Amino acid sequence: MRILHTMLRVGHLDRSIAFYTDVMGMKLLRSSENPEYKYTLAFVGYGKEEDEAVLELTYNWDTDSYDQGTAYGHIAIEADDIYAMCEHIRIAGGKVVREPGPVKGGTTVIAFVEDPDGYKIELIAKEDAGKGLGE
């Protein structure tokens, strides 16, 4: 078994696809519309779905925002150069909500950014990805 995807409900599909492809460097892998039930799905990721977990962006045609609640945390993405990635996101109009640096009480270098719908994305320095936070 493996994780296939994480689904995020988005308020503006084109804006979200642009963020994840143009800013975060993912590819639009596929999309489909369901006119009867008034929704569109778009799958984005860094590699093929058969090889890697991806994000499913769900756009319900009659909804332009969602309450994320208190249970949702974040998506984590490995970054080759976390400092350059944050600068790229900032220049592209994205929101860096925690500058790169060591995690509190540890040495793993992380940063946090937000997508256009306010979903948090943790960037983890490549050399620290897969380690415990303090290692």
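**Figure 1. The whole chain, from end to end.** Starting at the N terminus, the elements follow the order β-α-β-β-β-β-α-β-β-β, which gives two helices and eight strands. Helices (H or I, at least four residues) and strands (E, at least two) are DSSP runs, numbered from the N terminus. With a radius of gyration of 16 Å, close to the 14 Å that the globule rule gives for 135 residues, the chain is as compact as a globular protein of that length. Here the radius is taken over C-alpha atoms, and the rule is 2.2 Å times the number of residues to the power 0.38. The C-alpha trace spans about 50 × 35 × 30 Å along its principal axes.

Before zooming in, please note that this is a predicted model, in which local features need pLDDT of at least 70 and side-chain atom pairs count only at pLDDT 80 or more, while totals for chains, interfaces and linings use all residues. Residues are numbered from 1 along each chain as its sequence is written, and side-chain values use heavy atoms, with hydrogens and water left out.

Figure 2. Helix α1 covers residues 13-23, and its buried residues are Leu13, Ser16, Ile17, Phe19, Tyr20, Thr21 and Val23. Buried means under 20% relative accessible area, exposed over 50%, and partly exposed in between (1.4 Å probe, protein chains only). An α-helix has 3.6 residues a turn, so residues three or four places apart point the same way. After α1 comes Gly25, with a positive phi near 80°.

Figure 3. Look for Asp117 in the loop between β7 (109-114) and β8 (120-125). Asp117 counts as buried because its relative accessibility is 18%. Apart from neighbours within four places in sequence, its contacts (heavy atoms within 4.5 Å) are Val10, Gly11, Arg15, Ser16 and Gln68. The side chain of Asp117 makes a polar contact with the side chain of Ser16, at 3.1 Å. A polar atom of the Asp117 side chain also lies 3.0 Å from the backbone nitrogen of Gly11. A polar contact is a pair of N or O atoms within 3.5 Å; within protein, one must be able to donate a hydrogen and the other to accept it, and residues adjacent in sequence count only if both atoms are side-chain atoms.

**Figure 4. Lys38 in its loop.** Lys38 is found between β2 (27-34) and β3 (39-45). Its relative accessible area is 48%, so Lys38 is partly exposed. Phi of Lys38 is positive, near 60°, in a residue other than glycine. Most residues other than glycine have a negative phi.
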